[in-house]
Amino acid sequence: PASSRPRMAAPEQPPRAASAEAEPAGGYERVGAHWFYCRVLDSRERWVPFSGQDSERLEEAHGSGGDKEDLVVPTSGGRYDVYLKKRQRVAVYWEEEVSEVRRCTWFYKGDKDNKYIPYSETFSEELEEAYRTAVTMDEWKKKLESPSREIIVLHNPKLMVHYHPVATSDDWGSTPTEQGRPRTVKRGVENIAAEIPNGEPLQIDHLVFVVHGIGPACDIRFRSIVQCVNDFRNVSLSMLQAHFKKAQEQQQIGRVEFLPVNWHSSLHSTGVDVDLERITLPSINRLRHFINDTILDVFFYNSSTYCQTIVDTVASEMNRLYQLFLQRNPLFKGGVSIAGHSLGSLILFDLLTNQKAAPEEERSEEGSSTTWSSRGTEEVKEILKKLELSEYCDVFEKEKMDRQALFLCTEKNLKEMGIPLGPRMKILHYISSEREMQHGAKPGSPSQHDPDNSRNCQYRDVGLGQVSANYPQLNYKPTIFFAFGSPIGMFLTVRGVKRIDPNYSLPTCKGFFNIFHPFDPVAYRIEPMIVPDVEFEPMLLPHHKGRKRMHLELKEGLTRMSVDLKNNLLGSLRVAWQSFTRAPLPAVEAASADAETETEAEAGAEKQPDTKPEETPPAVKEEASFINVGRLNGGNRIDYVLQEKPIESFNEYLFALQGHLCYWESEDTVLLVLKEIYQTQGVTLDQPLPGGQ
């Protein structure tokens, strides 16, 4: 792109016919064009500039005759296509209203306008011609009337004004220049202080699909998933520039693409809204409509009928987006990750737990057939030992019977093996009781391979209690699964899964991060379900600027100070109490005993604050850092908590809703996502953040 910029600048030069006149006049240069598109927000039009990179590409296509050929130019990182002849901007990956595109050179702004608005291309050409004539002939204060009878007066190169249309019946005979306050007119995008965005790197290193939660709105401003993911992407670009600058300069990395996945519209287009409308009470209409449109999504997901619609939509949409992305980016060799917010994370978790690993992966995980068969034989021996039938171990070993084969045995099979009636009944009763206790467990789940499970059944399959649905398969294996503000832990507990087997991992995804705000009322932890016997805090996400927030440091400092004061006070009281309760002794002995006791007590009082409060935190930190949280995230920590902002710490309840919707613009969240994604490619941060794993 850098090498092609000089060629792209060619269309901005004055045409040959005008150059002969421009030189004698000594001042006229043809205006440089910049491309804009129109975005409608709350029924108001807003003209937004394309990035400099996209505008140059559009101008180059325009100069090469793309208007006649109806050329299609990809913009905004390939997420939008511009049809040059139709002057339309069309979304590629999601449904969105078509935006008008305009090649802009002249702009105006009224008193009530916040930003400059571009004139139409045809009228801009008329203005440019009038301006060229005024400069070359040095004839100013010329009036130009637009098709809508609006008057533009060119007073001088720096003062050009636009007057409103003249009234149709004007009894006073006022001139156009007296019709209200004029608008300011500017020539060229460089004179309107437009915020032209930086272009995105062309190279895409990784693709992330983002699934929304309940309802059509995803944040406190009631924006759609497309708008929220746009924010997330923009924050990621700024984080790349701030924390991966070396890798960018060495051209090791480009960027990460985030694409939204929308399932809400498909669910509510099934006609269920009409059915709900019939039974909804007329009172408190807005609240009931809000509940029908948002909170009921949770109940829909727990219905087998609508759960099937939701999982089908999410899986098919992600597969469709993946294939479309590969078609548009044939050189893409990166990985794919998935992220879910709120209920979206639960949908993805259920999808991932029902993915089928490739046979070769299953074999590699299980190890060699010899190792697996020997492990299976040992499991059967454990079961027979529990049933006090150890004398039949040789029979089962001879038949190469493992746990799975045992559970497939019928009474006829056991009889053919020569097992007497009594032991047969014991074995069959054990098999039936285990099946009842593990209702819903899938073949090959970790709970069925755990020998300890045969004794206490403490690990239940994570698929237990899932809604009965046919979970589709994804066309790729996700690298990492990110859950934002996720209720996965709560849903698993409600479904009857009290503990997750430490040996369990998602079949096709080896990474799992549960990220949440401390005040998020919907978020729940995962790690205590894997390690329930040890209390430890989630990993604190480091601030993206490289330190803990000041109010948290102050809070920790005050806590530490109060502990020190408490320990010192307790030590002093202990000394006083010992001096009062000591048995009476002769004066000399009492004095020496007092000195010894006082010395020991003072030493104890001095040691006390040094040992208790200062030795405990390192132990806790060490325990939290090196605790084994199982294979769900490849042996790494799973739960990560954001640092609350200073204003949020004043009232937890006031900022609870904001805590659930804060992830889209959270630099700390985005930085963790980027760090973990690029770590899989061997690329690290410029400087490790303190407190990071």
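What follows is a short chat about the predicted model shown above.

Biologist: What is the mean pLDDT of the protein?

Modeller: The model is predicted, and its mean pLDDT is 78. Of its residues, 73% reach 70 or more.

Biologist: Where does pLDDT stay under 50?

Modeller: One such stretch is residues 439–457. The model has 46 contacts for it beyond four places in sequence. Residues 549–554 are also below 50, with 14 contacts beyond near neighbours in sequence.

Biologist: How should the coordinates be read where pLDDT is low?

Modeller: Not in detail, where the pLDDT is low.

Biologist: OK, the overall make-up. How many helices and strands?

Modeller: The protein has 27 helices and 19 strands. It has 693 residues, and 45% of them count as buried. Take the contacts between residues at least 6 apart in sequence: 70% of these join residues at least 24 apart.

Biologist: On to sheets. What is the strand order in the open sheet that contains E1?

Modeller: The order is E2-E1-E6-E5-E4-E3. That is six strands, with antiparallel pairing. The twist averages 35° from one strand to the next.

Biologist: Which strands are at the edges?

Modeller: Strand E2 (44–49) and strand E3 (72–75), each pairing on one side only.

Biologist: And how many bridges join E4 to E5?

Modeller: Four bridges link E4 (residues 80–83) with E5 (residues 88–91), and the two run antiparallel. Tyr80 stands opposite Ala91 in E5.

Biologist: Which helix packs on that sheet?

Modeller: Helix H3, residues 52–63. H3 touches strand E1 (34–41), E3, E4 and strand E6 (99–104). The direction of H3 makes about 175° with that of E3.

Biologist: Back to the loop between E4 and E5. Which residue there is Arg87's phi about, and what is its value?

Modeller: Arg87 sits in that loop. Its phi is near 55°, a positive value in a residue other than glycine.

Biologist: Is Arg87 buried or exposed?

Modeller: Arg87 counts as buried, because its relative accessibility is 14% and the cut-off for buried is under 20%.

Biologist: What about Lys400, buried or exposed?

Modeller: Lys400 counts as exposed, at 74% relative accessibility. Its phi is also positive, near 55°. Lys400 lies in the loop between helix H16 (393–398) and helix H17 (403–407).

Biologist: There's an open sheet with E8 in it. What is its strand order?

Modeller: E8-E7-E12-E11-E10-E9, six strands with antiparallel pairing. Strand E8 (117–118) and strand E9 (142–145) are at the edges. Each has a single partner strand, so one side of each has no neighbour in the sheet.

Biologist: How many bridges do E9 and E10 pair over?

Modeller: Four, in the antiparallel sense, with E10 covering residues 151–156. Lys143 has Val153 in E10 as its bridge partner. Helix H5 (residues 121–137) packs on this sheet.

Biologist: Now the inside. Which residues have the most contacts in the largest nonpolar core?

Modeller: Phe209, Met318 and Phe481, in a core of 106 residues. Helix H12 (residues 304–328) gives the most to this core, ten residues.

Biologist: Why does this core lie between domain 1 and domain 2?

Modeller: Because both domains give residues to it. Domain 1 is 34–167 + 179–195, and domain 2 is 204–355 + 471–546 + 627–681.

Biologist: What does Met318 touch?

Modeller: Leaving out residues up to four places away in sequence, Met318 touches Phe209, Val211, Val261, Ile338, Leu348, Leu351, Leu474 and Tyr476. Another core lies apart, with 18 residues, among them Leu384 and Phe407.

Key
Residues are numbered from 1 along each chain as its sequence is written. This is a predicted model: local features need pLDDT of at least 70, side-chain atom pairs count only at pLDDT 80 or more; totals for chains, interfaces and linings use all residues. Side-chain values use heavy atoms; hydrogens and water are left out. pLDDT is the predictor's confidence in each residue, from 0 to 100. Contact means heavy atoms within 4.5 Å. Two strands pair if DSSP finds at least two bridges between them. Axes are lines fitted to C-alpha atoms, for helices over the stretch in contact, and angles run from 0 to 180 degrees between N-to-C directions. A nonpolar core is a set of buried Ala, Val, Leu, Ile, Met, Phe, Trp, Tyr and Cys residues joined through side-chain atoms within 4.5 Å. Buried means under 20% relative accessible area, exposed over 50%, partly exposed in between (1.4 Å probe, protein chains only). Domain bounds come from an automatic or database domain assignment.
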